[in-house]
Amino acid sequence: MERCQKCNSEKLIPLVKIIDKEHYNSEYSLEVEVLEKPGGLPLFRKSHRGALEATICG
Ligand SMILES: [Zn+2]
């Protein structure tokens, strides 16, 4: 069982979608973008994107 890192509670709400304010009525979740080789030429940088998900402590 996962616990809250702050208060050690077991009452967690997992996998909550974080919706961007501008897209609150759509299916868009807030995303993070991670670049490979930071500092390299921008043209050759690969990026990886993923939706942010939150776990909320009850
Ligand atoms: Zn907590």
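1. Two strands are taken as paired if DSSP finds at least two bridges between them. Strands themselves (E, at least two residues) and helices (H or I, at least four) are DSSP runs, numbered from the N terminus. On that basis S2 (residues 31–35) and S3 (residues 47–51) pair in the antiparallel sense, over 5 bridges. Within this pairing, Glu33 stands opposite Arg49, and the bridge partner of Val34 is His48.

2. On provenance: this is a predicted model, in which local features need pLDDT of at least 70 and side-chain atom pairs count only at pLDDT 80 or more, while totals for chains, interfaces and linings use all residues. Residues are numbered from 1 along each chain as its sequence is written.

3. On the overall fold: the chain has 4 strands and 0 helices. Read from the N terminus, the order of elements is β-β-β-β.

4. On the second pairing: S1 (12–17) and S4 (residues 53–57) run antiparallel and are joined by 4 bridges. One of the facing pairs is Ile13 with Ile56 of S4.

5. On burial: a residue is called buried if 20 or more other C-beta atoms lie within 10 Å of its own, exposed if 12 or fewer do, and partly exposed in between, with C-beta atoms placed from the backbone. By this count, buried residues make up 0% of the 58 residues in the chain. The strands listed individually read as follows. S2 is hardly covered, with 0 buried among its 5 residues.

6. On contacts: two residues are in contact if their C-beta atoms, placed from the backbone, lie within 7 Å. Taking contacts between residues at least 6 apart in sequence, 42% join residues at least 24 apart.

7. Asn8 has a phi of about 70° and is found in the segment before S1. Asn8 counts as exposed because it has 8 C-beta neighbours inside 10 Å. For Leu15, phi is near 55°; this residue belongs to strand S1. Leu15 is likewise exposed, with 8 other C-beta atoms within 10 Å.

8. On Glu2: this residue sits in the segment before S1. With 8 C-beta neighbours inside 10 Å, Glu2 counts as exposed. Its C-alpha atom is separated by 9.4 Å from that of Pro14, a residue 12 positions away along the chain.

9. On Asp20: this residue lies in the loop between S1 and S2. Asp20 has 12 C-beta neighbours inside 10 Å and therefore counts as exposed. Leaving aside residues up to four places away in sequence, Asp20 touches Tyr28 and Leu30. From Asp20 to Glu31 the C-alpha distance is 8.9 Å, for a sequence separation of 11 residues.

10. In short: the model has 4 strands and 0 helices, with antiparallel pairing of S2 with S3 and of S1 with S4. The share of buried residues in the chain is 0%.
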